[in-house]
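Please look over the sequence and the model shown here before reading on. The briefing that follows takes up a few topics in turn.

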Amino acid sequence: MDLEKNIINKILSNPSFSLFFKQIKRFAGVILTGLLSGALLLWVVVKYDTWFGNPNEEPYLGLTEPGRVLLTFGDENEMSRNVSWAGNSMLQDAYLELIDQNEKDTTVISAEGEVFKSRSGEMAYYHAKLRNLKEGTSYQYRAVTAGTPSAWYNFKTPIKDRKNYSFLYIGDVQDSIGGSANRMLREVWERNADSEFLLCTGDLIERPMDSYWQEMSNTLDSIGQTLPILNAAGNHDYLKAPIYQLEKRFSLVFSYFLDSKVDDNQVYTLKYKDIQFFVLDGTREFLFLPKQRTWLQMQLMNSHAKWKIVVIHHPLYSVRGESKNIIQRWFFNDLLEEYHVDLVLQGHEHAYARTSRLDQSGKQQTPVYLISHCSNKNYLIQFDDNFQKFGSGSKYYQKITVHGDSLGISARDADTHALYDSLLLVNKNGITQVIDKGLKIKESVEFRGEAKSKKEKEFIQKIKDYKKNHPNRF
């Protein structure tokens, strides 16, 4: 036995064997590295279209007359408005005719224009800036390009000293071509005719293609020409790439960004009565976000608004995994708490969810974080006990009403219009109290359709477990 050990030790201590063994290890390392690199390359190839691919944009032509007319806000003032519209592929003389319905006088407002060239076509976009509007006044307007007018549209400005006011908030729409979102939004508006504007948290389009921009125009038809639209940028508004690209077409449509954005960051603030809105662009990559943070901090620092509302597409607290959107939360959330933001309106995750900061006794504090959508697509979510309310398998819209010292939030099912959630924020002497009225309203958490994938089957089991563990919510 000792002889065998001596022979083995001599072999192992032989310099030639040692060199050979090192070469074997090096060769094995090279092979392993090659295999891992090949597997990684294959994974990237398989996932490339999912991560970076964009559907082909079909060739298109410009419009023969002014179309896709959209009323938005203008500068930071609640009384300002912009009107954007599209034309043919050539830049032409364009203006807007504005009639004060009280005095019956017509004002001609020159429009700014730009030809945008996308992957498959060209189209001229115009916008006119309406400033010095009178309060409580009905206006009639139409867009004119090269002497050809659009239809007439109407809007009304609010009375400045009103005590009550409200607006509508929706998350992702992303309607399919020829979809039904317009019918849904018309019903919502009819039921909430006192709403003064429509706030959207991005992804009004499925992809940045002319056909989907036309679909968005159809979705907002008769609504977006009368109710001013306030919209944030979402990830579906971007072209996919290793570095995402937001076409200028987006800001030519939502033209307030042309004057408000900081470099390539689509940020905007609006002072509306005693609310100040702060619109962020959560889709931008890591390197862009420091400038958004600096902008947000300066805006919050200088704000004297009674109510502060942040609008961002990506939820700072995700219901699709704790690590989701952690970059956005890391950049912005401490500012929201430090400067006493009341409400954070979000989209992206195609579900309904509400959470808020809690004090040491477990009492809800602001900010309150809302996630909502009104798309036909529903995503699989996770059930975190830090959230006070969930909704899955349906689509929703929200009405936010300000009355004196209170700000009320009511969420409704977009199909049945049944009340789904209710919350009241009461601000007295700079201290905001959160009164949760939604805890008494039963939740609806369902999976719609046939569960085919492993993840879908697991989600159904998660729903069962959630209902079992929280019977008081159902």
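In which loop is the place of Glu65? Glu65 sits in the loop between helix H2 (15-52) and strand E1, where helices (H or I, at least four residues) and strands (E, at least two) are DSSP runs numbered from the N terminus. This is a predicted model, in which local features need pLDDT of at least 70 and side-chain atom pairs count only at pLDDT 80 or more, while totals for chains, interfaces and linings use all residues. Residues are numbered from 1 along each chain as its sequence is written, and side-chain values use heavy atoms, with hydrogens and water left out.

**The chain as a whole**
- The chain has nine helices and 23 strands, and its C-alpha trace spans about 115 × 60 × 50 Å along the principal axes.
- Of its 474 residues, 52% count as buried, a term that means under 20% relative accessible area, with exposed meaning over 50% and partly exposed in between (1.4 Å probe, protein chains only).
- Among contacts in the chain with a separation of 6 or more, residues 24 or more positions apart account for 68%, contact being defined as heavy atoms within 4.5 Å.

- Glu65 is partly exposed, with a relative accessible area of 47%, and, leaving aside neighbours within four places in sequence, Glu65 is in contact with Ala86 and Thr148.
- Glu65 and Gly147 are 82 residues apart in sequence, and their C-alpha atoms are 9.5 Å apart in space.
- Glu78, found in the loop between strand E1 (67-73) and strand E2 (81-86), is buried, with a relative accessible area of 8%.
- Glu78 and Gly147 are 69 residues apart in sequence and 31 Å apart in space, C-alpha to C-alpha.
- Beyond the neighbours within four places in sequence, the contacts of Glu78 include Phe73, Pro158, Arg162 and Tyr272.

**The nonpolar core**
- The largest nonpolar core has 70 residues, of which Phe167, Phe254 and Phe277 touch the most other members; such a core is a set of buried Ala, Val, Leu, Ile, Met, Phe, Trp, Tyr and Cys residues joined through side-chain atoms within 4.5 Å.
- Strand E10 (residues 164-170) gives the most to this core, with five residues.
- Not counting residues up to four places away in sequence, Phe167 touches residues including Phe197, Leu199, Ile275, Phe277 and Ile309.

**Helices and their packing**
- Helix H4 (residues 210-219) is largely enclosed by the rest of the structure, because seven of its 10 residues are buried.
- The buried residues of H4 pack against E1, strand E6 (122-130), helix H3 (181-191) and helix H5 (248-253).
- The axes of helix H7 (residues 289-301) and helix H8 (residues 326-338) come within 10 Å and cross at roughly 15 degrees, so H7 is roughly parallel to H8.
- Angles under 35 degrees count as roughly parallel, over 145 as roughly antiparallel, 65 to 115 as roughly perpendicular and the rest as oblique, and axes are lines fitted to C-alpha atoms, for helices over the stretch in contact, with angles running from 0 to 180 degrees between N-to-C directions.

**Backbone details**
- A cis peptide bond, with omega about 5 degrees, joins Thr366 and Pro367, and Pro367 is found in strand E18 (residues 364-371).
- Asn325 has a phi near 60 degrees, a positive value in a residue other than glycine, and counts as buried at 12% relative accessibility.
- His417, in the loop between strand E21 (406-413) and strand E22 (419-428), has a phi near 65 degrees and counts as buried at 7% relative accessibility.
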